[in-house]
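Please examine the sequence and the three-dimensional model shown below. The paragraphs that follow move from a residue in a strand to a helix, and then to charged side chains.

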Amino acid sequence: MPSTVVQVPAAGSRLRLAVLPPLALYVHLPWCVRKCPYCDFNSHEARGALPEDEYVDALIADLESTLPSVWGRRVHSIFFGGGTPSLFSARSIDRLLAAIRARLPLEPDAEITLEANPGTFESDKFRDFRAAGVNRLSIGIQSFNPKHLAALGRIHDEREAHRAVEIAHAHFENFNLDLMYALPEQTLAEANRDVEAALAARAPHLSFYHLTIEPNTVFFSRPPPLPDEDASAEIGDAVERRLVDAGYEHYETSAYAQPGRACRHNLNYWRFGDYLGIGAGAHAKISFADRIVREVRTRTPVEYMRRVEAGAQIVERRELGRSDLPFEFMMNALRLSEGFPVSMFAERTGLPIVAAERALAQAEARGLLERDHVRIRPTVLGRRYLNDLLGLFLPEDGKGKR
């Protein structure tokens, strides 16, 4: 059984946060019908009936145990992620939301998102999700092209993708479509057809992710034929131009939204807000007046449920050190096209902006960001070479030399 890891910064290095950031809640529902060959998320293929009641019991107990860390704080958004959360019944989602409301003060207009895959869509079920309090969907379309859906190992086809959009429109005013580009053997023309299909769906929010090959995936061990770097960049540029021309704001690296429809839950991540994370493998970031703590829950569902009973579901807890904070903050905030107000850095990290001055000056000199006394934002070049930009903020102590 892995032990909980506790790292405490040296004496005298405690932070001073004048105001705690907004708080969100992430709930991980880890099961899916079939693991996709590109997926490196903590998801597990469902074999037989899901242990819904037992897992919901564990989630509620997990939430109970973390309440002392957030007494008096209001939750601004909830996100049910996976896996495929839409495999769960509306009854279980309703029970979870009731338990959350009973234990945490929830903003009256809180954004409550449920991830769903087209192969699990039933109109009555999604009507019941809406009745339970879910007010936003995030639908894993990935592509409208049957060839690419097959290459990605998706369980749905083009017809089911369009049907999912119809059901979403019938029951929800707000929803997101997840799509990917630079797919195996994808041409620019094929990518453009996916964009046009997404626009025809009239979704308030679109996410277009560049397919990347991650370790510990089927694609990593058996790489598919992908567009080369130049072709991928051409596709990415074409996607951005078309969506912006259609009135979508490219507000984050992979996210596009109609005006006023940016994902509030994800914005909280990118602005270095706080979030509780409950469920197998869930992560959390919680700020206190004098420190910022990250937590990780155990990954496998069976082990998670067993360890929750013993109050031992957290397998890593570490306090962020001062040298970590500039990178931790910038890793999120510089994904936003608008960047961040200069004052937000001190507000969210407890450090003065001069703590990041060396890296900021280097990034500015290389044309990767621009700044004035009010705001710091990535340039077009910085957004394209985001990893290079973020690398400038890595700590230079013994753990992380540039």
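A residue is called buried when its relative accessible area is under 20%, exposed when it is over 50%, and partly exposed in between, using a 1.4 Å probe and protein chains only. The model is predicted, so local features need pLDDT of at least 70 and side-chain atom pairs count only at pLDDT 80 or more, whereas totals for chains, interfaces and linings use all residues. Residues are numbered from 1 along each chain as its sequence is written, and side-chain values use heavy atoms, with hydrogens and water left out.

Let us begin with I78, which is found in strand 5 (residues 75–82). Helices (H or I, at least four residues) and strands (E, at least two) are DSSP runs numbered from the N terminus. Because its relative accessible area is 0%, I78 is buried. What is I78 in contact with, leaving aside its neighbours within four places in sequence? Its partners are L25, V27, L97, I100, L106, E111, I112, T113 and H265, where contact means heavy atoms within 4.5 Å.

Within helix 6, the residues E190, A191, D194, V195, A197, A198 and L199 are buried. These buried residues pack against several elements, including strand 7 (136–142), helix 4 (146–151) and helix 8 (229–245). Just after helix 6, R202 takes a positive phi of about 55°.

We turn now to charged side chains. A salt bridge is a side-chain nitrogen of Lys or Arg within 4 Å of a carboxyl oxygen of Asp or Glu, and by this rule the count comes to 31 salt bridges. One of them joins D53 and R91, whose closest N and O atoms are 3.2 Å apart. Since D53 lies in helix 1 (residues 52–66) and R91 in helix 2 (residues 90–103), the pair ties together parts that are 38 residues apart in sequence.

R317 also forms a salt bridge, with E295, at 3.2 Å between the closest N and O atoms. This pair links strand 15 (residues 314–319), which holds R317, to strand 14 (residues 292–297), which holds E295. R317 counts as partly exposed at 31% relative accessibility, whereas E295 counts as buried at 5%. Finally, R14, D290, R291 and E319 are linked in a network of salt bridges.
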